[in-house]
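Let's take a friendly walk through a protein model together. Have a look at the picture first, and then read on.

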Amino acid sequence: MTEWATWRTAMERALYGPDGFYRRPGAGPAAHFRTSAHNPVFAEAVGRLLLRVDERLGAPGRLDFVDMAAGRGELAAGVVAWLAAEAPEAAGRLRVVAVDLGPRPEGLPEAVEWAG
């Protein structure tokens, strides 16, 4: 007998279930979306915007960046790397939190906190 599921449950299984799109081993979403946040150019753009916000805030003691629906954390890691290379002073005050339903990805820099 077929077990019926609501649309929400079916989508959760398809995206975050054991073999779901966001939990499959390998390249994951980055292999499917070339114009997404996985692109290092996007990380640079976000880093530049973050520096502008930092300046407008008067360079506070802590600069927070939260990446919602972080996937495997590529954007958060990219912003950390870009700021470390281009604006070390701001990078020293940076707190990055990546938020996603999946588990913390392996290899994610320690500078990126994970909230699931």
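## The sheet

β2 and β3 run parallel to each other and pair over 4 bridges. Two strands are said to pair if DSSP finds at least two bridges between them. Within this pair, V97 stands opposite E113 in β3. Strands of a sheet pair through backbone hydrogen bonds, either parallel or antiparallel.

The model you are viewing is predicted, so local features need pLDDT of at least 70 and side-chain atom pairs count only at pLDDT 80 or more, while totals for chains, interfaces and linings use all residues. Residues are numbered from 1 along each chain as its sequence is written, and side-chain values use heavy atoms, with hydrogens and water left out.

Which order do the strands take in the sheet? The sheet is open, with 3 strands in the order β1-β2-β3 and parallel pairing. β1 (63-68) and β3 (112-115) stand at the edges with a single partner strand each, so one side of each has no neighbour in the sheet. From one strand to the next, the twist averages 25 degrees.

## A helix against the sheet

Helix α2 (residues 40-56) packs on the sheet and touches β1 and β2. The direction of α2 makes about 140 degrees with that of β1; axes here are lines fitted to C-alpha atoms, for helices over the stretch in contact, and angles run from 0 to 180 degrees between N-to-C directions.

## A look at R93

R93 sits in the loop between α4 (88-91) and β2 (94-99). Is R93 buried or exposed? R93 counts as buried because its relative accessibility is 10%, and buried means under 20% relative accessible area, with a 1.4 Å probe and protein chains only.

A polar atom of the R93 side chain lies 2.6 Å from the backbone oxygen of P60. Leaving aside neighbours within four places in sequence, R93 is in contact (heavy atoms within 4.5 Å) with D54, A59, P60, G61, R62 and L63.

## The whole chain

The chain has 4 helices and 3 strands, where helices (H or I, at least four residues) and strands (E, at least two) are DSSP runs, numbered from the N terminus. Starting at the N terminus, the elements run α-α-β-α-α-β-β. Along its principal axes, the C-alpha trace spans about 60 × 25 × 20 Å.

Of the 116 residues in the chain, 34% are buried. Among contacts between residues at least 6 apart in sequence, 57% join residues at least 24 apart.

Notes. Buried < 20%, exposed > 50% of the residue type's maximum accessible area, 1.4 Å probe, protein only. Polar contact = N/O pair within 3.5 Å; in protein donor to acceptor, adjacent residues only side chain to side chain.
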